[in-house]
Amino acid sequence: MTDSRRHAEISGGGFAGLTAATALAQRGWSVRLHERASELRAEGAGIVLWNNSLQVLDAIGATPDLDARSMTPPAYETRMNNVIQSQETLEGIRWRTMTRPHLHQTLLTAARESGVEIVADSAVTGATPEGTVTFANGETAQADLVIGADGVGSAVRDSLKIPLKRERSRDGITRFLVPRKKAELQALEPDTEWDNVIDFWNLDPRVLRVLYTPANDEELYIALMSPSADADGSRVPIDLELWTSIFPQLAPVLEEAAGVQGRYYGYQTTRLDRWTEGRVALIGDSAHAMCPALAQGAGTAMQNAWTLAVAATEAADDELPGALQEWERLERPYTDRAQDRSQWYADTREMANGNQFTGESVETALYNPTDPKRHEVHAA
Ligand SMILES: Cc1cc2nc3c(=O)[nH]c(=O)nc-3n(C[C@H](O)[C@H](O)[C@H](O)COP(=O)(O)OP(=O)(O)OC[C@H]3O[C@@H](n4cnc5c(N)ncnc54)[C@H](O)[C@@H]3O)c2cc1C
């Protein structure tokens, strides 16, 4: 018996690809997802998600799994030279912290349970606007919808020759997952609420920052920021003496980080002329990589994956290319603004002043991509 369902081929098994695959499969599509690596796993350490992506996790039924090993810290604290600038409790803003492996595993489980066919060791080399996908092993496949969710170096995007602009920032970050060591931290600074996210800034005598993010009861995500021009600050494994001299209250967890090789990532923003070409749509870092200042790269990837799946399902097959363009027209402005704001925060280091979760900077965090009336609400 032939399969009468519409068929999607997806390149990339990161947060964007897995979310799109699940949302499409749950809407009756047959979905095959290709991952270049030999196994599906998350790179990196921890992550913060906000309402926009948490609504998507609700909609695909993945929230119980996610909540089993993630947390909402009591406050987001910002310090300059270890002096508290603000402690924002983020009333009315839904947010959670977790490890990347946990988020990835949650999405992988949702994709498998929804019937997505997942193929590891399968590198996509390109796609055509008509929906033909090519693979490194020389094979080809035909799809009604092709999604390029293959990250910042996207082969799907590059094969379509979509013009792009890439902007690099002066700062970058090295990320670690380490044990919480709460008792030891408490012994060093008893008055600190070590369940908070704490953004430790230091601009003088040297630009160094540690973003301290509890991910669950046992694991701590720490991100060490320094300008790329600072050879010692950006060195991996980290220069323990340098970091503990500036942040002595974090010595127990910095010592853990020093035992891990780590990798320094320079911030960058990618902006494309367009996100779609015929039957192909791009989502996530392949379309809109951004600086991590607002912690919205994965959030926008997941929101765009969801809205894309809904828009493609609602369109008749012969109207799909037009429906993809309309999806981009409606959804892209939210992501463009998140990219611009993240870039601005990265360029100015304004976050060091605290009180950052107000006004325009929380637009993306508050967005609800699963609300069918969202564009009316926002237009009003
Ligand atoms: C320091 C830092 C901190 C961050 N913190 C946050 C945060 O707190 N919150 C947040 O929302 N975002 C954050 N982000 C951003 C977030 O990590 C990314 O935006 C997100 O992971 C992008 O997901 P993706 O699925 O688009 O791409 P990726 O995660 O890059 O996944 C792409 C996948 O495609 C695969 N692939 C690549 N090429 C091919 C190919 N040719 N064929 C098949 N498969 C292929 C790759 O192996 C990979 O598995 C942060 C980023 C950085 C650098």
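Trainee: Just after α2, is the phi of Gly61 positive or negative?
Mentor: Gly61 takes a positive phi there, about 80°. Keep in mind that this is a predicted model, in which local features need pLDDT of at least 70 and side-chain atom pairs count only at pLDDT 80 or more, while totals for chains, interfaces and linings use all residues. Residues are numbered from 1 along each chain as its sequence is written, and side-chain values use heavy atoms, with hydrogens and water left out.

Trainee: Which ones are buried in α2?
Mentor: Asn51, Asn52, Ser53, Leu54, Gln55, Val56 and Leu57.

Trainee: New topic: which residues other than glycine have a positive phi?
Mentor: Ala295 has a phi near 55°, and Arg349 also has a phi near 55°. Ala295 sits in the loop between α9 (285-288) and α10 (297-314). Arg349 is in the loop between α11 (320-348) and α12 (363-366).

Trainee: Why does Arg349 count as buried?
Mentor: Because its relative accessibility is 14%. Ala295 has 26%, so it counts as partly exposed.

Trainee: And where are the cis peptide bonds?
Mentor: One joins Asp204 and Pro205, with omega about 15°. Pro205 lies in the loop between β13 (197-202) and β14 (208-214). Another joins Val236 and Pro237, with omega about -15°, and Pro237 is in the loop between β15 (219-227) and α7 (240-246).

Trainee: Now the ligand. Which residues come nearest?
Mentor: Of the 30 residues around the ligand, Glu35, Arg100, Val124, Ile173 and Asp285 come nearest. A residue counts as near if one of its heavy atoms lies within 4 Å.

Trainee: What does the side chain of Asp285 have 2.7 Å from the ligand?
Mentor: An N or O atom, at that distance from an oxygen atom of the ligand. In the side chain of Arg100, an N or O atom is 2.8 Å from a ligand oxygen. For Val124, a polar backbone atom is 2.9 Å from a ligand nitrogen. Taken alone the ligand exposes 1000 Å², and the protein buries 85% of that; such areas come from the Shrake-Rupley method with a 1.4 Å probe.

Trainee: Which element gives the largest share of the shell around the ligand?
Mentor: That is α10, with three residues. Elements that each supply at least two are α1 (15-26), β3 (46-50), β12 (164-179) and α10.

Trainee: And which domains does the shell draw on?
Mentor: At least three residues come from each of domain 1 (7-74 + 88-166 + 267-379) and domain 2 (170-263). Those bounds come from an automatic or database domain assignment.

Trainee: Which residues does UniProt list for "domain: FAD-binding"?
Mentor: The unreviewed UniProt entry lists residues 10-318; such annotations may be inferred rather than shown by experiment. In the model, the end C-alpha atoms of residues 10-318 lie 20 Å apart, and the span is 29% helix and 32% strand.

Methods:
Helix = DSSP H or I, 4+ residues; strand = E, 2+ residues; numbered from the N terminus. Buried < 20%, exposed > 50% of the residue type's maximum accessible area, 1.4 Å probe, protein only. Polar contact = N/O pair within 3.5 Å; in protein donor to acceptor, adjacent residues only side chain to side chain.
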